[in-house]
Amino acid sequence: MVIVMFLLRWALLALAVVLAAWVTPDVDFSGGPLSALVVAALVAAANVVAQLLIRWLPTSDRVLVLAATTLVVNGCIVWLASAFTTRLDIDGLLAAITFALMVTVFSVALGWAGERLVAR
């Protein structure tokens, strides 16, 4: 069951990447489902690196400051990850931050819907 949930989350993240690229200006995604899975793996790796970097930053009592810092670091890492593939083209840091935010929004929404379907 763990492998099935891993594959389901990976597929949902790939769908979130495609949707985020579709709605975010200055972000171009090219390729089919396999390309989406590759980009989703890069985004997931970027999220892991971003979380490791966030742990090194000084902590704050203010949740909004921490959330904004996380978003900016995640955007920078995703922008850097886009340099490693020709399937995802991000034009600028603002587009990368917007893309990271949209991936998060779509990923949470799709994950919630996926959990509801699996629970049935």
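Okay, so this chain has four helices and two strands, taken as DSSP runs numbered from the N terminus (H or I of at least four residues for helices, E of at least two for strands). Going along the sequence, you get α-β-α-α-β-α.

Quick word on the source: this is a predicted model, so local features need pLDDT of at least 70 and side-chain atom pairs count only at pLDDT 80 or more, while totals for chains, interfaces and linings use all residues. Numbering runs from 1 along each chain as its sequence is written, and side-chain values use heavy atoms, with hydrogens and water left out.

Overall shape, then. The C-alpha atoms fill a box of roughly 40 × 35 × 20 Å along the principal axes. Of the 120 residues, 29% are buried, meaning under 20% relative accessible area, with exposed over 50%, partly exposed in between, a 1.4 Å probe and protein chains only. Take contacts (heavy atoms within 4.5 Å) between residues at least 6 apart in sequence: 68% of those join residues at least 24 apart.

Now H1, residues 2–23. Its 22 residues should span 32 Å at 1.5 Å a residue, and the end C-alpha atoms sit 31 Å apart, so that agrees; the expected span is 1.5 Å times one less than the number of residues. Buried in H1 are Leu12, Leu13, Ala14, Ala16, Val17, Ala20 and Ala21. And what covers them? Strand S1 (27–29), helix H2 (33–56) and helix H4 (93–119) are among the elements that do.

On to the packing. H1 and H2 cross at about 95°, axes 8 Å apart, where axes are lines fitted to C-alpha atoms, for helices over the stretch in contact, and angles run from 0 to 180 degrees between N-to-C directions. So H1 is roughly perpendicular to H2, a label for 65 to 115 degrees; under 35 is roughly parallel, over 145 roughly antiparallel, and the rest oblique. From H1, Trp10, Ala11, Leu13, Ala14, Val17 and Val18 meet Ala36, Leu37, Val39, Ala40, Ala41, Val43 and Ala44 of H2.

The other pair is H3 (residues 63–82) with H4, at about 110° and with axes 8 Å apart. That makes H3 roughly perpendicular to H4. Among the contact residues are Trp79 and Cys76 of H3, and Phe99 and Ile97 of H4.
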